[in-house]
Every structure is written in C-alpha cells, then in structure tokens.
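Hi,

Here is the structure I promised to pass along. My notes on its pockets and salt bridges follow below it.

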Amino acid sequence: MSLRSSKVVLAAVATAVVLGVPAAAPTALNAQGVPAIPYESFTLSNGLQVILHEDHSVPLVAVNVWYHVGSGDEKPGRTGFAHLFEHVMFMGSEHVPVGAFDQWLEAAGGQNNGSTTQDRTNYYEWLPSNALPLALWLEADRMGHLLPTMDQAKVDLQRDVVKNERRQRVDNAPYGLADGMIYAALFPPGHPYSWDVIGSMDDLSAASLADVQQFFRTYYAPNNATIAIAGDFDPDSVRAWVRQYFGGIPHGPQMPPRPVAPSFVVPRDTFLVLEDRVQLPRVYDTWHAVKAFAADEAPLDLLAYVLAGDKNSRLYKRLVYELQVAQDVSAYNWGGKLDGMFQIVVTPKPGQSPSEMQRLVNEELDRVQREGVTPREMERARNSFQARMLDRLASVLGKADQLNLYNYFAGTPDYSRQDMARYEQATAADVQRVAREYLGRPRVTLTVVPMGKRELMVTGVNQ
C-alpha cells in the first residue's frame, strides 16, 4: 500500500520542543561492557513524546508506542479493560480496514505485536527501514482515528477473543489460577496489583461499548503516550513524518492521576490451597517486596538468581540434582511501577510432598540469611544480568522498548549504564540483608494440588 495513494490527510501543525540531547555517535562500552544509548527526545504540542535512537548497523527500524495505562489503572468491577483494548486496537481504524494493519505491514516485510502489563500497554513494529513511514502512519491512524470505527460488534468480537484467551491461559491451564489467588491474598483489596492483568470473566462480560469508548477517550491520547523509534533512519525525515502524521491528533483530556499503591505489610503467614486438574502439586511462596528501580530491587534480583537462577543455584542444585526430590524450582523478584513481590516456586517429583519442599526451601533461606552468599555466586549473578541486558540491547526492537521502559520507570531514556551499575554496586552484605529483611517477613503460601488431594496442602512455614 502506497502512502502517497492513501486518501487520508493528517495535519502537520505541531511544534517540536527538544527535551533531550541530539543523538551522537555510539559511545564505547563502559567497564561492564554496557553501551550508552544515544538518543534525541522531543515533544509535540499535543503532548506526544518522541524518542529517537539511530542504529545504522542493519537496514531495520523498530517503532514502539507506549500508552501509559495498564491493568493497575482499572477499578475493581471494571478489570480487564487495558488488555481488552490491546485487542480492540487491531480491529481497524478510520482509514485502515479491519485486517489491513497486518496485511500492509507484512507486504512491506514488517511484523507487529502488542502487550499489556499492570503499568502500560505497548504496540510495536519492526520492519525494513524504507517502510518506516508506513508504520508511523498506521500507528497515528489508530491513535487519532480509531473511535469513529469502534462499534458493538468489534467490542463483542474482541471480548470473546479475550475470554477465550483467559480460558486457555488461566481457567483451563494447569496452575493457571495460581497468580490471581496470590495477587488477591498478597495485596490488600483495591490495590492496583490485586487482580490479574487479563481481568475477570464477569468484568469482561459487563464491559459495554460506552465503557470501552470512554476508556479510549481517557487514556489513548497523545499526551499519555511515548513513541520510541530505533534503527536505520534519517532523523530529519523521521521528525518530519512524526509531525505530519501525529501532529494533528488533538491533545486529550488531563490524565487521571496514576493510582497510588497503599503502604501495607502482610500481617501474618497466609496458607492457601487450590485444587486443580494437575498431576503434581506445586508450592508458591510469595513475599511483598519493592517496586521497580527501588534501592533494594537489584539486591533482591541477585538473591533470586543465587537461589534458583541457574542449574548451579542453591535451590536447584540441592532439590533437583543432589536430593532429586523436585521436578523444578524457580525464584524471581518482580517490581512494577507501583509495587513488587518476590516468589519461589517448587514442583515436587512424584511421591514427594509439598511440605518437604517447604522445609528444604526454608533451610536454604535460613542458610543465606545466616551465612550470606559467596563471591562466586555474586559474580555469576552479576554476569547473568549483564548478559540479559546486552541481549535486550542487541536489536533495534529491544532498544526501542528499553528506551520507553527507562523513560517511564526511571525518568530518562538512556539509563542502561546506571541500571547495570546498580548490580555492580550491590554487595554480598546487601544480598544477605534483603534476604533477612524481606524473606524474613510473613509470606503467602499457595499449594496447588490435584483434585481431591487437599491433604497435600502446606499448612506451616516451618514444615
């Protein structure tokens, strides 16, 4: 599809205000091997922030749009809207018929997708450099011209798609209901993270066309969005295209204030059981932790890796290799924009009890809290996070998303070096301290058991 032949004409009246520094030649790696990400940032008069990063290594470009709305912006009784809208955004807009978004991109050699979290919804394309104007025009059309084409039939269709997705990934998936139970038990009622991103069946059923239209008017405005463009492009041309395609989209209403996560403590150890159509039980231990980029996030990340980040980690080595009592074990620390949690998950082998898994996990936690971690463990954990970061920054698609993430969460697009420095500066004493401070607090323990096997439930922390 040729842009020149399109009947759409988008006004180009916005004025750009430069916020960042102009993109410079790539800088050398720092001592940890992490590159800076040179960028230019400017904002149109309608509030749309644009981040540009040039990378001429391959003739590819990525476009990554973040709308600053996620499931955490919803209200109890009206959950699932952010994810539902991710689907609705692929149903065509005023100048793009249903299905044409994918067809036109694929014909130009491009691909696209989207995702929703508690904090944001993003839409992204990666494609040959010469097709960049197409991607920008398509994104602009659904940002500025989706509402006139939104009707009950489209909402009903995508509502059914999302319901089916919930059935496949949550309701009928082994262990699929575990996360929702844990969120509701860990976070207090009304907390922005106390429900699943995908929402409940009842709330999805109750979503009306008027509700969805109002959600778009409130959140899908240029002043609530950031677009990161990374790759092989001429910056003068990109600035002109952005102003042409996005500049005429009206500034939206003032955004509602971002929800505030209430301060709370988990008052006591909580034990839950879920009967599910599974062959093996599974134990989830979850603690309240910290939000993304908080001071203790890096030590908690390193702790999770030491415990169960690879096959030489403490829990994996002892439970899976040495004792051979567990099918698998994992640990991770997760932080969103508002809050966070730390979790350890163990699936015992047939014939092994969840209570025994709990006892062994507690032994290892007690050992870390008393003795700390070794220099070798710290080195492996740091190296792992460095490798993950370099992997994310190895492609223009990854860099575009990281620019948006750092911009929204850390306040500046180029935060890669400061990000890695957090892990370099965290000490073994820090890791031991957070193990004591956070994993010494009350936890939520959920045991998922086969149907009719409630007696397998873990009922005490010190089992």
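The lining of the largest pocket is made up of 18 nonpolar, 8 polar and 8 charged residues (Ala, Val, Leu, Ile, Met, Phe, Trp, Tyr, Cys and Pro count as nonpolar, Asp, Glu, Lys and Arg as charged, and the others, Gly among them, as polar). Please keep in mind that this is a predicted model, in which local features need pLDDT of at least 70, side-chain atom pairs count only at pLDDT 80 or more, and totals for chains, interfaces and linings use all residues. Residues are numbered from 1 along each chain as its sequence is written, and side-chain values use heavy atoms, with hydrogens and water left out.

A pocket here is an open set of points on a 1 Å grid over the protein atoms alone, where a 1.4 Å probe fits, with protein on both sides within 12 Å along at least five of seven lines; lining residues have an atom within 4 Å of a point. The volume is the space filled by probe spheres set on the points, which are joined across faces, edges and corners.

The largest pocket holds about 960 Å³ of space. Of its 34 lining residues, Glu297, Asn333, Trp334, Gly335 and Leu405 lie nearest the centre. Two or more lining residues come from each of α9 (297-308), β10 (326-335), α12 (375-392), α13 (396-409) and α14 (helices, H or I, of at least four residues and strands, E, of at least two are DSSP runs numbered from the N terminus). Strand β10 gives the largest share, 5 residues.

The second largest pocket has a volume of about 370 Å³. Its lining has 16 residues, with Glu165, Arg169, Val170, Val197 and Ile198 nearest the centre.

**Salt bridges**

There are 29 salt bridges in the structure (a side-chain nitrogen of Lys or Arg within 4 Å of a carboxyl oxygen of Asp or Glu). In one of them, Asp419 pairs with Arg422, with 2.8 Å between the closest N and O atoms. These two residues are 3 apart in helix α14 (residues 416-425), so about one helical turn separates them. Both Asp419 and Arg422 are buried (under 20% relative accessible area, with exposed over 50% and partly exposed in between, using a 1.4 Å probe and protein chains only).

Glu275 and Arg454 also form a salt bridge, at 3.4 Å from N to O. Because Glu275 is in strand β8 (residues 270-276) and Arg454 in the segment after β12 (444-450), the pair ties together parts 179 residues apart in sequence.

Finally, a network of salt bridges links Arg318, Glu356, Arg359, Glu363, Glu364 and Arg367.

Best wishes
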